[in-house]
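Biologist: I would like to learn how to read a few features of a model. Could we go through them one at a time?

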Amino acid sequence: MADTEPYIYSAPNDTWTVESRDLYKRLKNDLAENGNGDWLEHETTLHHGERRLFTKALINEYPGKFFEYIYFFRKNEKRVKGVIQFGSYTQGPPGCVHGGASATMMDSVIGVCVNKWYPGCVTASLTMNYKSLLPLGATALVESWVDKVEGRKVYALAELRSPDGKVFYSSASALFIQLQPQGENADKWKNSFSDKK
C-alpha cells in the first residue's frame with residue numbers, strides 16, 4: 001500500500017459483542033449527542049499505507065481477537081471516555097486478560113487524552129494498579145484525564161471499569177513529555193499528532 005492511501009478509521013463492526021455495542025451506543029448518546037457539543041468521537045486510525053496503529057495492527061487479519069475500542073473526548077475539559085473490548089488473543093491467566101494488554105490500552109487512552117491538548121507528547125512512565133481480574137472477552141469502560149502540567153511534563157490518570165461502573169479493574173498514572181524536535185522534521189512531527197479528517 002502506498003502512503004497516499006486515505007486514512008482508514010475504526011468503527012463498531014461485526015466482532016463487537018452486544019455489551020460493547022450497547023456501551024458504545026450509550027456513550028455516543030450521552031456524550032456526543034446530549035453533551036451539548038462538548039464531546040466528540042475520536043477517529044482512531046487503523047492504517048495509512050504501510051503504517052499501522054499498534055493497537056489495531058491485526059484487526060484485518062484477526063478481527064475481534066485483540067483490541068476493539070472507540071474513544072470520545074471532551075473539548076472544554078481534558079478528558080476522554082471510551083469502550084474497550086478485549087479479544088481472545090489478549091489472554092494472560094486462564095480466562096483473564098493479560099496485565100500487559102490492559103496496560104497497553106491504558107497507555108493508549110492516556111496518550112490520546114494528553115495529545116489532544118498537548119501535541120507531540122510521548123510516554124515517559126506508566127504505573128499500573130490492578131484491582132480485579134479482567135475476564136477474557138470483557139467489555140470495559142475506560143476514562144482518562146489530565147491531572148497537572150509542569151512545563152513539558154504532563155501528568156495524567158486513567159481508570160478501567162465494567163460497563164456499569166461497579167467493578168474496578170485497574171487504574172493507571174502516567175507522565176508524558178512533550179518533545180520539541182528541531183529542524184526540518186519539527187513540523188512533520190507535530191502535525192502527525194493532529195486529527196486526520
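**Salt bridges, burial and a helix**

Modeller: Start with K148 and E150, whose side chains meet in a salt bridge at 3.6 Å, N to O. The term stands for a side-chain nitrogen of Lys or Arg within 4 Å of a carboxyl oxygen of Asp or Glu. This is a predicted model, where local features need pLDDT of at least 70, side-chain atom pairs count only at pLDDT 80 or more, and totals for chains, interfaces and linings use all residues. Residues are numbered from 1 along each chain as its sequence is written, and side-chain values use heavy atoms, with hydrogens and water left out.

Biologist: Are K148 and E150 buried, partly exposed or exposed?

Modeller: Buried means under 20% relative accessible area, exposed means over 50%, and partly exposed lies in between, with a 1.4 Å probe and protein chains only. K148 has 41% relative accessibility, so it counts as partly exposed. E150, at 43%, is also partly exposed.

Biologist: How many salt bridges does a search of the whole structure find?

Modeller: It finds eight. One of them joins E159 to R161, with the closest N and O atoms 3.2 Å apart. E159 is partly exposed at 24%, and R161 is partly exposed at 24%.

Biologist: Which residues are linked in a network of salt bridges?

Modeller: The network holds D38, R74, E77, R79 and E143. Within that group, the side chains of E77 and R79 meet at 2.7 Å, N to O. E77 has a relative accessible area of 28%, so it is partly exposed.

Biologist: Where is F73, and is it buried or exposed?

Modeller: F73 is in strand 5, residues 67-74; strands are DSSP runs of E with at least two residues, helices are runs of H or I with at least four, and both are numbered from the N terminus. The relative accessible area of F73 is 9%, so this residue is buried.

Biologist: How is the span of helix 2 read?

Modeller: The expected span of a helix is 1.5 Å times one less than its number of residues. Helix 2, residues 99-117, has 19 residues and reaches 28 Å from its first C-alpha to its last, close to the expected 27 Å.

Biologist: How many residues of helix 2 are buried?

Modeller: Helix 2 is mostly covered, with 14 of its 19 residues buried.
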